[in-house]
Amino acid sequence: MTLLFIIGLRPGAQAADQAPPVAGDVPPPGQTQLIDNPGIYGLGPGLPGSRYAVVAGYLVRIDTASGKIQSVLRPVPPK
């Protein structure tokens, strides 16, 4: 078994090729990239008690206490 299967990715697949994250899910820390500068993604300041993050190629808002996805905003634009 490869690490790709452990974290839920198909071999050769990019995270953005996977199904979008779902509100209410708690993504594994290894699949969550917290955003420190939301302005580079065109986002305003975060709401109290939440953080913006990238999960599986999507911008999401995560509850800081529980780690649950509160909302799925949109796919991350290609660079």
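My entries below go from the overall layout to the sheet, the loops, a charged pair and a pocket.

**Layout**

I am working with a predicted model here. Read from the N terminus, the elements go α-β-β-β-β. I also looked up burial: of the 79 residues in the protein, 29% are buried.

Next I went through some of the pairings. β1 and strand β2 (residues 50–55) run antiparallel and are joined by three bridges. For T32 I looked up the bridge partner in β2 and found V55. β3 and β4 run antiparallel too, with five bridges between them. On that side I wrote down R61, which stands opposite S71 in β4.

**Loops and positive phi**

I checked backbone angles in the connections. A56 sits in the loop between β2 and β3 (58–63). Worth a reminder to myself: most residues other than glycine have a negative phi. Is A56 buried or exposed? I have A56 down as buried, because its relative accessibility is 17% and the cut-off for buried is under 20%.

Then I moved to the hairpin of β3 and β4, where five residues lie between the strands. G67 in that hairpin has a positive phi as well, near 80 degrees.

**Charged pair**

How many salt bridges does a search of the whole structure find? I got one. The side chains of R51 and D36 make it, at 3.0 Å from N to O. R51 belongs to strand β2 and D36 to the loop between β1 and β2, so the pair ties together parts that are 15 residues apart in sequence.

I looked up accessibility for both partners. R51 comes out at 30%, so I count R51 as partly exposed. D36 has a relative accessible area of 71%, so D36 goes down as exposed.

**Second largest pocket**

Which residues line the second largest pocket? My list reads Q33, I40, Y41, V54, G57, V76, P77, P78 and K79. By class, I sorted the lining into six nonpolar, two polar and one charged residues. The space in this pocket is about 190 Å³.

I followed up on one of the lining residues, P78. P78 lies in the segment after β4. With 78% relative accessibility, P78 counts as exposed, because the cut-off for exposed is over 50%. I also took the C-alpha to C-alpha distance from P78 to G57 and got 9.5 Å, for two residues 21 apart in sequence. Both P78 and G57 are on my lining list.

Note on methods:
Residues numbered from 1 in each chain as written. Predicted model: local features only at pLDDT ≥ 70, side-chain atom pairs only at ≥ 80, totals over all residues. Heavy atoms only, no water. 1 Å grid on protein atoms, 1.4 Å probe; cavity = no way out; pocket = protein on both sides within 12 Å on 5 of 7 lines; lining within 4 Å. Points joined across faces, edges and corners; volume = space filled by probe spheres on them. Nonpolar A, V, L, I, M, F, W, Y, C, P; charged D, E, K, R; others polar. Pairing = 2+ DSSP bridges. Helix = DSSP H or I, 4+ residues; strand = E, 2+ residues; numbered from the N terminus. Salt bridge = Lys/Arg side-chain N within 4 Å of Asp/Glu carboxyl O. Buried < 20%, exposed > 50% of the residue type's maximum accessible area, 1.4 Å probe, protein only.
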